[in-house]
Amino acid sequence: MNTSLITVLAATELPGRIIGFDAQLLTDLGLQLFSTLVIVVALYFILHKPVTAMLDKRKQAIANEINEAKATNANAAKLKADYEDKIAGIEEEAAQILKETRAKALARQEQMVAEAKKEIEAMKAKAANDILLEQERVKDEMKTQLIDVSTLMASKFVALSIDENKHQEIIDDIIKEMGDVQWLS
């Protein structure tokens with residue numbers, strides 16, 4: 001194969017150079033450079049402004065999203081701090097409410113105890129008054145019975161006018177008729 005490549009090169013009769021810079025090559029090369037330059041300039045004018053505008057819009061949109069994200073993060077941090085403050089305030093308020101409720105309950109308990117003591121004292125006073133009234137009633141009843149007994153005895157003494165033994169029997173009969181009476185003073 002090496003021999004065939006050499007024979008092809010020898011047949012083209014190139015004078016020891018691989019590329020020959022002749023007029024045809026330079027013309028073709030100039031035309032290609034010119035058409036490439038025309039295409040690049042045309043594409044620059046056609047695509048540069050829209051692509052640049054699109055990239056600027058995209059850059060601006062990304063910058064806006066970053067700014068919004070930063071603002072949202074700052075707002076979220078502020079809200080978080082506010083909520084933490086509110087939670088701390090709520091805990092303090094709850095502790096204060098519990099403290100006030102306990103104080104009110106203790107005051108109510110003391111008030112109820114005081115009212116109960118007053119009621120007990122009133123009951124004691126009423127009971128003492130009732131006892132005194134009952135004692136007075138019993139004394140009055142005893143006086144009435146004593147008067148009745150005395151009247152009965154006097155009537156029997158007068159009616160009978162008898163001796164001492166008979167007198168003692170009548171007293172014993174009267175006591176038996178009345179039953180066992182305890183004399184309270």
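Predicted model: local features only at pLDDT ≥ 70, side-chain atom pairs only at ≥ 80, totals over all residues.
User: What makes up the secondary structure of the protein chain?

Analyst: The chain holds 3 helices and 0 strands, and along the sequence the pattern reads α-α-α. Helix H2 covers residues 23-160, and helix H3 covers residues 164-178.

User: Why is the pair of tyrosine 44 and phenylalanine 45 called edge-to-face?

Analyst: Happy to go through it. A search of the whole structure finds 1 aromatic pair. Tyrosine 44 and phenylalanine 45 form this pair, with 5.6 Å between the ring centres and 75° between the planes. Rings pair if their centres lie within 6.5 Å, and planes over 60 degrees apart count as edge-to-face.

User: Why is tyrosine 44 called partly exposed, while phenylalanine 45 is called exposed?

Analyst: Exposed means over 50% relative accessible area, buried means under 20%, and partly exposed lies in between. Tyrosine 44 has 45% relative accessibility, so tyrosine 44 counts as partly exposed. Phenylalanine 45 has 59%, so phenylalanine 45 counts as exposed.

User: How do you know that lysine 124 and glutamate 121 form a salt bridge?

Analyst: Their closest N and O atoms are 4.0 Å apart, and the rule asks for a distance within 4 Å, so the pair counts as a salt bridge. Both residues lie in helix H2, 3 residues apart, about one turn of the helix. Lysine 124 is exposed at 51% relative accessibility, whereas glutamate 121 is partly exposed at 48%.

User: What makes lysine 126 and aspartate 130 a salt bridge?

Analyst: The closest N and O atoms of lysine 126 and aspartate 130 are 3.3 Å apart; with the cut-off at 4 Å, the pair therefore qualifies. These two residues also lie in helix H2, 4 residues apart, about one turn of the helix. Lysine 126 has a relative accessible area of 54%, which makes it exposed, and aspartate 130 is partly exposed at 36%.

User: How many salt bridges are there by this rule, and which residues are joined into one network?

Analyst: The count comes to 4 salt bridges. One of them links glutamate 134 with arginine 137, whose closest N and O atoms are 2.3 Å apart. Glutamate 134 and arginine 137 are separated by about one helical turn, because they are 3 residues apart in helix H2. Salt bridges that share partners join Glu134, Arg137 and Glu141 into one network. Glutamate 134 is partly exposed at 37%, and arginine 137 is partly exposed at 42%.

User: What makes the patch around leucine 29 nonpolar?

Analyst: The patch of about 750 Å² is made by Ile18, Ile19, Phe21, Leu25, Leu26, Leu29 and Leu33. Ile, Phe and Leu are among the nonpolar side chains, so the patch carries that label. Patch residues need over 30% relative accessible area; leucine 29 has 41%, so it passes and counts as partly exposed. Leucine 29 is found in helix H2.

Note on methods. Residues numbered from 1 in each chain as written. Heavy atoms only, no water. Phe/Tyr/Trp six-rings, centres within 6.5 Å; stacked < 30°, edge-to-face > 60°. Buried < 20%, exposed > 50% of the residue type's maximum accessible area, 1.4 Å probe, protein only. Patch = residues over 30% accessible without salt bridge, like charges linked within 9 Å, V, L, I, M, F, W, Y side chains within 5 Å. Areas by Shrake-Rupley, 256 points an atom, 1.4 Å probe, with all protein chains shown as cover.
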